[in-house]
Amino acid sequence: MARAIATINLKGGVGKTTTTAALAEFMAAEFGQRVLLVDLDPQTNLTTMMVGEERWKELNELGRTLATLFRRAIDPTADEFDIEKALQHDVSPVRAVRGVDLLASSLDLIEIQEGLSHQQYADPESARPIEVLRSAIAPIADRYDYILIDCPPNLGMLTFNGLRLADGYLIPTIPDILSTYGIPQLQARVQKFADKSGHRIREIGLVITKYRSASNLHRSIIEQLQRDDRIANVVPAWVPEANQIAASAEFVPYGTLKRKYGNTGQFDALRMLTETVLMNAQVYL
Ligand SMILES: Nc1ncnc2c1ncn2[C@@H]1O[C@H](COP(=O)(O)OP(=O)(O)OP(=O)(O)O)[C@@H](O)[C@H]1O
Ligand SMILES: [Mg+2]
């Protein structure tokens, strides 16, 4: 059975999508895992990183994104969602990466999300609007070792759909004051959601992103986080801030992960991050 992990933080721009993409690529290429990526963010960043903007436009026109799934959930007369057609196989611009599939996002999800919220508001006790994603993925989940879910930076209905599917979650954060500010509130909200929906969602760990080794502030914040007993685990592989990681957002072909992310520490950090997440997932999930 696949283990499903959501990457979540209410703070925007902390590296959620970059971490999700790298984890999928390293899980597949370095650790032989079969991975399904689920892009729940209407910003579609993960989708365009994995298949490029042109392909995304085609998929959107063909109705092969998650917008079709959620539209149908709020409007039974809308087109049916065909998961086999929506699944994009062997994505990633890195040739050495095999075995990463994707369910693409769409900008149309911005409006559709409002429809889901109205549905939830009209019938607060109904579990249906938060079960949409899980029900759709259930028939194909066994094909994968890991399902990685990239959530938007909010706790709206799309994120709740992601959490309903998730067995665990990772919190990517920049080790600075503003980025780490809302973490206890986020943990509490996830816990409340898990209690209400009656399933367990384990915190797998905090992932330090955009780490600057020359920054005293970064180092002292990481020390604080490590001491904080409200935090289950600070993953001991910090992703450095690096131009090559920022550039990896552009969809251009690469031969290898070392080429894409750079071999001056980034590759090793991302590999170690992935190894630790896999170990933690096996223990916790
Ligand atoms: N380690 C890194 N070094 C340098 N730049 C990075 C790194 N990680 C992410 N970035 C850049 O920082 C920006 C935000 O990253 P990303 O999109 O992954 O964050 P996010 O948390 O998913 O954002 P959002 O909340 O908008 O979804 C992007 O431009 C990305 O390329
Ligand atoms: Mg993102």
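Q: How are two packed helices described, and what is the case for α7 and α8?

A: Two packed helices are described by the angle between their axes and the distance between the axes. In this predicted model, the axes of α7 (residues 128-137) and α8 (residues 157-165) come within 7 Å and cross at roughly 50°. That makes α7 oblique to α8. Axes are lines fitted to C-alpha atoms, for helices over the stretch in contact, and angles run from 0 to 180 degrees between N-to-C directions. Angles under 35 degrees count as roughly parallel, over 145 as roughly antiparallel, 65 to 115 as roughly perpendicular and the rest as oblique. Helices (H or I, at least four residues) and strands (E, at least two) are DSSP runs, numbered from the N terminus.

Q: Which residues of α7 and α8 meet?

A: Contact means heavy atoms within 4.5 Å. From α7 come P129, I130, E131, V132, L133, R134 and I137; they meet M157, F160, N161, G162, R164 and L165 of α8.

Q: In what order do the six strands of the sheet lie?

A: Two strands pair if DSSP finds at least two bridges between them. Here the open sheet runs β3-β2-β4-β1-β5-β6, with parallel pairing. Within it, β2 (residues 35-39) and β4 (residues 146-150) are joined by five bridges, and L37 stands opposite L148.

Q: What should I keep in mind about numbering and confidence?

A: Residues are numbered from 1 along each chain as its sequence is written. Because the model is predicted, local features need pLDDT of at least 70, and side-chain atom pairs count only at pLDDT 80 or more.

Key
Chains are lettered from A and ligands numbered from 1 in the order in which they are written. Side-chain values use heavy atoms; hydrogens and water are left out.
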